[in-house]
Amino acid sequence: MRVGLFIPCYIDQFYPQIGIATLELLEKLGCDVSFPLNQTCCGQPMANSGFAALSKGCDKNFVANFRGFDYIVGPSGSCVLHLKEHLHDDQFPGEAEHIRKHVYELTEFLVDILKVEKLDVSFPHKVGLHNSCHGQRGLHLSSMSEQMLPAFSKPEKLLGMVNGLQLSMPARPDECCGFGGTFCVFEEAVSVKMGKDRIEEHEANGVEYITGYDESCLMHLEGILKRKGSPIKTIHIAEILNGKA
Amino acid sequence: MSNTLNHAQAAANFIADEPRTNWHNETLWFVRQKRDKAAHGLPEWEKLREWASQIKNHTLSHLDEYLIEFEKNAKANGVQVHWAANGDEHNRIVYNIIQQNNVTKIVKSKSMLTEECGMNEFLHEKGIDIVDTDLGERIVQFRKEPPSHIVLPAIHLKKKDVSDTFHEHLHTEKDNHDPQYLTEAARQHLREKFIEAELAMTGVNFAVAETGAFVVCTNEGNADMGAHAAPIHIACMGFEKIIPKAEHLSVFLRLLARSATGQPITTYSSHFMKPRPGQQVHIVIVDNERSKQLGRTDFKNSLKCIRCAACFNTCPVYRRSGGHSYHTAVAGPIGSILNPNIDMRANADLPFASTLCGSCSNVCPVKIDIHDQLWKWRQVLVAEGYVDTTKKIGLKGMAYLFAKPGLYRFAGKAGRAVMRIFPFLVNNKLNAWYKQREMPAPPKQSFRDWYIKNKKS
């Protein structure tokens with residue numbers, strides 16, 4: 001199985017350890033992984049700000065980098081959702097379509113394609129899970145509190161395989177953290193207030209870590225946690241799943 | 001709208017009072033939880049939403065037929081039907097009825113349409129004052145404020161605010177915050193208004209094409225008090241309130257109150273069909289840019305809305321910014337997809353007042369894809385030039401950078417170096433991120449650098 005590793009731009013630049021954990025984890029699970037060297041961004045920051053028309057060059061570059069893989073996997077729900085919904089290339093429409101249909105967020109790839117049932121890792125800590133909206137409501141990584149449908153959660157299933165990990169969910173299990181892409185600066189006051197409220201619920205649970213499948217949300221929460229000098233740390237789910245036995 | 005604050009500015013002012021913001025957030029979340037509980041009580045909930053959505057989709061694509069059918073049947077019932085192309089025409093129709101009948105005492109139960117048309121202000125200028133009889137509406141009317149929520153118009157106010165307002169206008173005891181005392185004062189005050197009213201106005205929740213009847217849902221019974229006591233009844237409706245058959249009410253009435261407040265049904269679901277002997281009943285059917293929205297393929301189905309406000313209550317942005325920050329009659333997520341249609345320039349900020357979390361679309365009882373439409377409105381607003389230049393320059397630059405891998409890598413490396421060596425260049429007041437958040441620590445090597453060093457053979 002040839003997997004193209006998609007590392008979102010801000011993870012590439014600011015959180016290389018998440019890229020490393022994702023790569024190592026996929027290799028451990030038997031995937032033949034390559035990282036196309038000329039990848040940049042999925043195009044989401046432009047599109048969500050109303051400039052989807054400007055992301056053609058970015059899309060083209062993405063298709064040029066990721067054509068020909070069986071699967072494309074990335075550790076970010078929102079970037080993957082954006083690709084699934086909006087990736088187009090006039091010159092290579094078939095390739096773009098193949099990518100849209102075969103791009104996966106890491107936890108859904110582990111659960112749905114690799115069908116992981118067991119992981120030999122431990123993380124003896126109290127951990128809170130942040131359900132990021134695009135992964136949850138867009139990619140259906142878990143059931144949603146608004147809908148009256150059977151409950152499930154791919155990230156929770158994986159965290160349940162980690163020895164010693166004590167999972168605790170915040171009182172509002174799927175409220176948005178307020179990151180929202182450029183929303184976080186153009187609606188700074190609401191964005192930060194939403195983040196503070198998320199953190200308060202995790203604090204009430206006494207967690208040591210907040211984890212999730214979208215580093216953008218975690219980056220926003222981390223920024224607020226650090227500013228208030230909180231002992232709670234953020235950690236991407238790939239880092240936990242790729243941990244030590 | 002030039003002197004109106006945009007959503008981000010108004011929201012920042014609202015949040016400046018953090019305890020009040022917390023209270024607002026908690027209060028509306030409580031309503032959302034009541035909605036969840038009510039929806040959980042119906043195993044067929046998701047099916048009901050689907051049916052409602054399909055009935056509305058069908059109706060919107062046969063709107064001309066159903067509106068004409070409704071008019072014919074309403075007229076046969078003895079109801080006078082008026083058509084208004086816009087808010088002005090609506091207001092003039094109402095004014096004419098008032099003048100022709102030479103009335104001065106008018107009560108109105110809650111109608112977001114009359115808010116949308118600015119009717120109270122229009123009539124006030126003509127020397128006619130209307131008494132809003134919904135408790136929340138009456139409170140904001142005393143305060144000369146617009147409603148901040150389409151179902152809970154005074155939800156931005158606390159008991160103390162209501163007590164102060166009633167003390168001023170109804171001479172209740174100062175600092176008596178007892179809800180029962182305050183409500184009783186409003187009740188006595190409104191009872192007088194109902195008794196002396198010569199004309200009653202109501203909104204319309206559902207207009208049934210096959211019978212020519214219409215349904216008004218309230219919890220206070222104020223629509224009924226007005227309409228049954230006064231000799232003239234004017235009901236105003238946006239043209240999307242039409243449903244084909246009476247049996248469709250069995251879908252919508254089950255969804256409406258559960259979605260709105262978590263009640264199985266509103267206390268009063270009143271069906272109006274024929275005038276009483278000697279009574280006049282008028283219906284004003286209003287377009288006011290709705291036909292334009294109907295012609296926008298991407299936004300047409302926003303007209304399915306039944307005004308339950310479930311999207312308000314679930315919206316994490318609305319709960320923390322208050323209804324007035326949306327500076328429009330209909331606030332919240334649904335307002336943010338309806339109002340740009342009415343005035344793109346004035347409401348260009350609204351589709352951006354969202355994180356696109358998608359909770360609104362999930363609670364919507366008629367399955368409007370609200371968050372997708374917010375995304376699509378952003379594209380339209382940018383294409384039409386309603387976005388400020390700094391944002392445009394920034395995003396154009398970003399698009400250019402991401403299309404050029406070499407340049408992206410250079411910029412990334414240079415940016416991280418600048419952040420490490422000259423952190424004050426980013427850690428300052430000009431950076432909105434940094435105001436209340438630390439920046440991520442910039443590592444020396446990117447993932448790509450690591451990959452080339454460690455993995456690439």
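Of the 457 residues of chain B, 47% count as buried. The model is a predicted one. Chain B contains 22 helices and ten strands. Its C-alpha trace spans about 90 × 55 × 45 Å along the principal axes. Among contacts in chain B with a separation of 6 or more, 73% join residues 24 or more positions apart.

In soluble globular proteins, nonpolar side chains tend to be buried together. The largest nonpolar core here has 182 residues. Those with the most contacts inside this core include Val73(A), Leu199(B), Phe214(B) and Ala399(B). Leu199(B) touches several residues beyond its neighbours within four places in sequence. Among them are Ile98(B), Val103(B) and Ile106(B), as well as Ala230(B), Ile232(B) and Ile234(B). Asn101(B) is also in contact with Leu199(B). A second, separate core has twelve residues, including Val140(B), Ala154(B), Phe166(B) and Ala186(B).

Five names make up its buried set: Leu395(B), Met398(B), Ala399(B), Leu401(B) and Phe402(B). Seen down the axis of H19(B), the buried residues fall within an arc of 160°, so they line one face of the helix. The face turned away from this buried side carries the exposed residues Thr389(B), Thr390(B), Ile393(B) and Gly397(B).

The contact between the chains takes 58 residues from chain B and 59 residues from chain A. On the side of chain B that touches chain A, 34 residues are nonpolar, 13 are polar and eleven are charged.

A loop residue of chain B was also examined. Gly323(B) lies in the loop between helix H15 (316-321) and helix H16 (332-342). Gly323(B) counts as buried because it has 27 C-beta neighbours inside 10 Å, and the cut-off for a buried residue is 20 or more. Leaving aside neighbours within four places in sequence, Gly323(B) is in contact with Ser148(B), His149(B), His156(B) and Ala331(B). Gly323(B) and Ile150(B) are 173 residues apart in sequence. In space, their C-alpha atoms are 9.1 Å apart.

Notes. Residues are numbered from 1 along each chain as its sequence is written. Chains are lettered from A and ligands numbered from 1 in the order in which they are written. This is a predicted model: local features need pLDDT of at least 70, side-chain atom pairs count only at pLDDT 80 or more; totals for chains, interfaces and linings use all residues. Helices (H or I, at least four residues) and strands (E, at least two) are DSSP runs, numbered from the N terminus. The arc is that of the directions from the helix axis to the C-beta atoms. Two residues are in contact if their C-beta atoms, placed from the backbone, lie within 7 Å. Ala, Val, Leu, Ile, Met, Phe, Trp, Tyr, Cys and Pro count as nonpolar, Asp, Glu, Lys and Arg as charged, and the others, Gly among them, as polar. A nonpolar core is a set of buried Ala, Val, Leu, Ile, Met, Phe, Trp, Tyr and Cys residues joined through C-beta atoms within 7 Å.
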